[in-house]
Amino acid sequence: MTVIENKIFDMERAFYGSSGLKVHKCKFDGPADGESAFKECNGIQVSDCYLNLRYPFWHNDTLDISDSEMTDKCRAALWYSCNINIVNSKLHGIKALRECNNVKMQECDIISPEFGWSVKNIVMENCTVQSEYFMMRSEGLCFKNVHLDGKYSFQYIENSVFDHCEFNTKDAFWHAKNVTVKNSIIKGEYLAWYCEDVTFENCKITGTQPLCYCKGLKLVNCEMYGADLCFEKSEVEAVITTPVISIKNPLSGNIYIPSACKTICDDSNSRGKIIVKDNCV
């Protein structure tokens, strides 16, 4: 590989169309304010670099980024790229990671509104995230030990698994399909409305009006706090190990709870059963 070290680049398309580069301790910054440093590149390794210019990694194949910083001016950093590995790096620009495929991220700090739209096959471990619309319309997500502070997260995602995560968000998992969330903490309002074939297992769920208008919804040994007007018009099989405030018109299925709660049954088509059981485990 060609090694490039300790240099500063601010020109337009500094390495356009390059392949087999190892770029170490370089800065992408300066008065020329050039865009698209690594556009249409292949086999690029970037380590301990500072990226302060727009659109650096578009249409890349086989990209490794480690110990690097993408600032808030490094907007739309990774688009239309595949086979990406990012380790111990900061991604602080808006709209990072769009339309990408086969991504692995470890030990990263992400501050990026509208992060991860239309991504396929992403593994994320031990990362922290601040993002408003996070991972929208993406599929094949495999997350472990990810801490998220966001708003409208995981909308329209498919075929994904989350384990030992903490999500502080609202309107999360709307319209999600074929998703499993395990051993996780989910805090927020209006969780997972209109989802399909979504399972929460050994989770702590906090917030108002969760899990409404769902199909094929499952809760396995979950705790629920501050949960009122739950399961409205949902097809649900649930085992809940804590009291809930109220349940409203579950469409079908069985909901096991450890003590009686307020039930609202004013729709004759909603025939879900609420079963009080001292030990729901």
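Predicted model: local features only at pLDDT ≥ 70, side-chain atom pairs only at ≥ 80, totals over all residues.

Select residues 158-163, strand S17, together with residues 177-182, strand S19; the two run parallel and are joined by five bridges. Two strands count as paired if DSSP finds at least two bridges between them. Strands are DSSP runs (E, at least two residues) and helices are runs of H or I of at least four residues, both numbered from the N terminus. Within this pair, phenylalanine 162 has valine 181 of S19 as its bridge partner.

Residues are numbered from 1 along each chain as its sequence is written, and side-chain values use heavy atoms, with hydrogens and water left out.

Display the side chain of phenylalanine 200 and its surroundings. Apart from neighbours within four places in sequence, phenylalanine 200 is in contact (heavy atoms within 4.5 Å) with residues including Val181, Ile186, Leu191, Ile205, Leu217 and Cys222.

Which residues touch the most other members of the largest nonpolar core? They are Leu78, Met105, Phe173, Phe200 and Phe231, in a core of 79 residues. A nonpolar core is a set of buried Ala, Val, Leu, Ile, Met, Phe, Trp, Tyr and Cys residues joined through side-chain atoms within 4.5 Å. Buried means under 20% relative accessible area, exposed over 50%, and partly exposed in between (1.4 Å probe, protein chains only).

Go to phenylalanine 173, in the loop between strand S18 (166-170) and S19. Its phi is near 65°, a positive value in a residue other than glycine. Phenylalanine 173 counts as buried because its relative accessibility is 0%.

Next, select asparagine 178, which is found in strand S19. Asparagine 178 also has a positive phi, near 55°, and is a residue other than glycine. Is asparagine 178 buried, exposed or partly exposed? With a relative accessible area of 46%, asparagine 178 is partly exposed.

Move to phenylalanine 115, in the loop between strand S14 (109-111) and strand S15 (120-131). The relative accessibility of phenylalanine 115 is 0%, so this residue counts as buried. Leucine 97 lies 18 residues away in sequence, with a C-alpha to C-alpha distance of 6.1 Å from phenylalanine 115. Leaving aside neighbours within four places in sequence, the contacts of phenylalanine 115 include Leu97, Met105, Met124, Tyr133 and Phe134.

Select residues 235-240, strand S24, and residues 252-257, strand S26, which pair in the parallel sense over five bridges. Valine 239 has tyrosine 256 of S26 as its bridge partner. In S28, valine 276 is the bridge partner of isoleucine 257.

**Final view: the whole chain**

Zoom out to the protein chain, which has zero helices and 28 strands. Its C-alpha trace spans about 70 × 30 × 30 Å along the principal axes. Of its 281 residues, 46% count as buried. Among contacts between residues at least 6 apart in sequence, 5% join residues at least 24 apart.
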